[in-house]
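Please consider the structure shown below. The paragraphs that follow lead through a sheet, an annotated repeat and a helix.

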Amino acid sequence: MAPTSAVKDHHLVLTGNVNPGQACVVFSESGEQLVSCSADGVVCLRNGMTKAVKASTASEGTLKNGACNALAYHPSGFVAVGGEHAVKAVTLPSMEVERTLGRSQLPVRALSFSPDGSRLAVAGDAENIRLIQTKDSAVTRQLRCEGYVRSVAWDPEGAYVAATMADGSLYVFEAGTGKLQTRKKVVRKVDRASAARCCVDWHPDGGALLAVAGSADGDVALYERLSWEVSSYLGGGHRGPANVVVFSPNGLYAATGGEDACVCVWDVAKQTIISKAVTGPASEKDEHSVSPGTGSTISSIAWHPTGNSLAVADESGRVGVWEEPVPARLPSPTSDLEHLRHEGAARKGKGSKALQAAGASLIDDEAGEDSDEGGDSGGGLGEDGNESEGGSSGGPGHEHEQRGKRAREEEEEGEGDEEARGPGPRVKQHRAGGGGDFVRLEAEMKRAMRLIRSQAASLPMPPQDPIHPGSTPLEATTGPCGARFLAYTMEGFIISRPVDDHNVVELQFHDAGRANAMGLGRVPLLTDFFGFTMGALGEKGVLYGSPMSKDSPSMLVYRPFEEWAPNGSWSVGLPAGESVECVAAGATFSAAATNSQLLRLFSVSGMQSAIMSLQGAVVALAAQEHLLAVVTHSGAPSSSGQSLELAVYDVPSSTCLLSGPCPLSYKATLTWIGFTDEGMVATADSAGIIRIRSHSMGGAWMPVWNSAAASKSGEVYWPVAIRNQELCSIMCPKQQPYPLVNPRPFFTRLPLQVPVVAVEGGAPALEAELMLTSLRIDSARLRSETASGLDAVHAADELVGRQAEADRSLLKIFQAALKSDRQARAMDVVPQLSQHRSLEGALKLANFHRASAVAERVALVLQQVDAQNQDLTVTPLPPPKGNIGSRTPGPLGEHDTNAAGDAPGSNPPSSGGGGQLTALKQLASAPTPTPNKGGGQNENKRKPPAAGLGAAAHAAGSMPNNPFARRPAKAAKH
């Protein structure tokens, strides 16, 4: 490492009003405009080329912002100004306040735009980082921090947000999810009132390095991306703590400023100083020099985007521009590295002096250290700052040619043997005084980024954190109130709002009449001193949960809707070290899963009914009526995604109904889980795919929704529930995938969409409808097989009704196949028809479309069905002993009966025994009579059709309303 004395100290005179506090400078995208702000609330616009003040100020009265602490330039032509209580957009060059980007109760200290300019990171004394949508100023996410934020920076790829805190911590968040990647103590602790920035900045080449200033010894640490470990240091340049660090536009250099009022420019590859400037006001004797000890701590540095200059501001509010901080013999801080590499290779040593010197070394030590080849360096910088002559016999051009050739060879070999070199960016292998020129630096950086990306693609995903269906995360709190949903369901929602040192929890129902019917009126607010982060809205009450903290245990609190007895509410604190992760509430139970991999079940009155050990860490819980779904990790995640397992329990009967894997899309995470109105489990993942688990094919999962296919303008569908084959969801913008409390969101009903393909001559819409109906049939069949008593009767009726729905779809598919002359496909439909009159309808359709071959086969099927029906011994139900107008279950539901107990349009039942079981079999398989044209009753006797078209035309009955079922419903067992 070159000592500080190896370079000559320049004098940089700073001018302006003296107003102690944070100051900031920023160039426009073209570099023609330089904007500065200071603690007096004044924002100045200067000509970036001449340093003259072009527009004096946008006064404090105009901004109404108090002190101006931070600036960030947006490519569209405005600058964001962070003040005491707001962030405002000031248009250039008019210096007019365009609008307010965001408000804050506490001072804003740091700003940073995302690479595409769509979002702005706002941080300060509020102990969080808000990601604000630039277009409409909506808060898309809040990143929780402990301590006051001093600096924030968005990485060049938009994946991470880094920040330093007043307590000396470095935070790195995933911008997309808000997940904390790393947190460590790396810089000195400063007081809240301090103007110190402890700056962070990302290397422009994909953010391979993260520079962090603020250590007490004056060093600037360079951290590797992903591993977040120190790669190297920029040290020895400051006599006190460094405060600011900024990479040059091409990443070859870095500028640092410290409490010693000095600015150092570094060669990043070799971690050596190439130039240094002492700042301060002009001395009385010489207006171009600085009096020793008169400078202030450097508060902000900005590289010119197209030229070789630096803008500098100190904590006294003074501003200055340092021309040519990078010596002319070295590549410009804005030079295109690819262009320089090709130019250097083309000239082969006969080129410019700057390229020759750069080929030898970005900076050679004063003592003339030997090069990597053992010869003298091609050039150096003497005590007076002039270039010194000398070099090897081959000359600097020859040396540059050899080094450039070796760098290119290494770059070509780099892809094949990156793994052999070992993990980690290659930048850390550069040594002070070595032969790493800008060509080699470029090759090393490209290899490092390729290696980082390849390793990131092969690394396993981290285990998914627990989720709470129907809740918005803590990061999605909005505005100064910070309100969020603890739960949002089809019945109502729970809102939590912070107030002073506690939260206020509010419960509301979508249907206000329900609350009135339960005698609740307006549900009273709950004062929350526990810090509830999750809630579950059940049929009889609400369950709240809070994680454990340093001072209090994890708590569960249940509040019933109706209290017929005193002390209906209950609460419990979990044992030390155990913290609740997920909660759910059903009709007769409440459930809580903890970090100890325990599932705790309680009755609505608070009695503990069961404690279960889970196979893995819990991911989600969901409840409906008597059912409880539990999703856990079944193993370590792989590079392709999470490994999750689902179990569904019938809590009152203490039985496990099903257990198996929970499928997700590639590299996706679970975002929602719930039950359909038929009791089937449904899930949604981060790829926007919603699936329903069927009861057929061993519990297969059917995709029923694809947000990417359904979205027209990039909106996000936030699921609430699935009811009547419809997705109930809240539509949110892509930049803000969670609903906000204000304005109050409302869900939209959208028909489910099975991703069928369009086969030639097919009916994809009808086939998708049939698949969805088959899900409901499987569920109804399962209930009919497992139910008993009256529940079995109702389940059998429901199954017949579902079969009728399916037959309607099947007959439409049958007709579409006949229209397209796909007779073989039409015959595929016939075995799936479940009711006799549906087969008769198929026969009539075949005759109508003159499909003789199909008609003959359908007639044959009808003959076989009639033969089977004649073999059945049918004993009808005895006449009911009720009044006229009572209800009797029938094959398509319930029918009004006459005084004799007969259904309209049917013959009186014959006497005989056999009981209800035989009658249910008859009802499930017998045809449904239809009225004739004369308004009388149809014949109950069917005439068996003969084969052929003539016999097919003789088939009885008109075309029905198309019923369906794969097989006849089973009778209920008593």
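Which residue in S33 does Arg497 stand opposite? Arg497 faces Val504 in S33. The model is predicted: local features need pLDDT of at least 70, side-chain atom pairs count only at pLDDT 80 or more, and totals for chains, interfaces and linings use all residues. Residues are numbered from 1 along each chain as its sequence is written, and side-chain values use heavy atoms, with hydrogens and water left out.

Strand S32 (residues 492-499) and strand S33 (residues 502-509) pair in the antiparallel sense over 8 bridges. Strands (E, at least two residues) and helices (H or I, at least four) are DSSP runs numbered from the N terminus, and two strands pair if DSSP finds at least two bridges between them. An open, antiparallel sheet is formed by 4 strands in the order S31-S32-S33-S34. At its edges lie strand S31 (484-488) and strand S34 (526-528), each pairing on one side only.

Residues 291-323 are 0% helix and 52% strand, and their end C-alpha atoms lie 20 Å apart.

Helix H12 (residues 836-848) has 13 residues. Because 11 of these 13 residues are buried, H12 is largely enclosed by the rest of the structure; buried means under 20% relative accessible area, with a 1.4 Å probe and protein chains only. Among the buried residues of H12 are His836, Arg837, Glu840 and Asn847. Just after H12, Arg850 adopts a positive phi of about 55°.

Technical notes. The expected span of a helix is 1.5 Å times one less than its number of residues. Buried means under 20% relative accessible area, exposed over 50%, partly exposed in between (1.4 Å probe, protein chains only).
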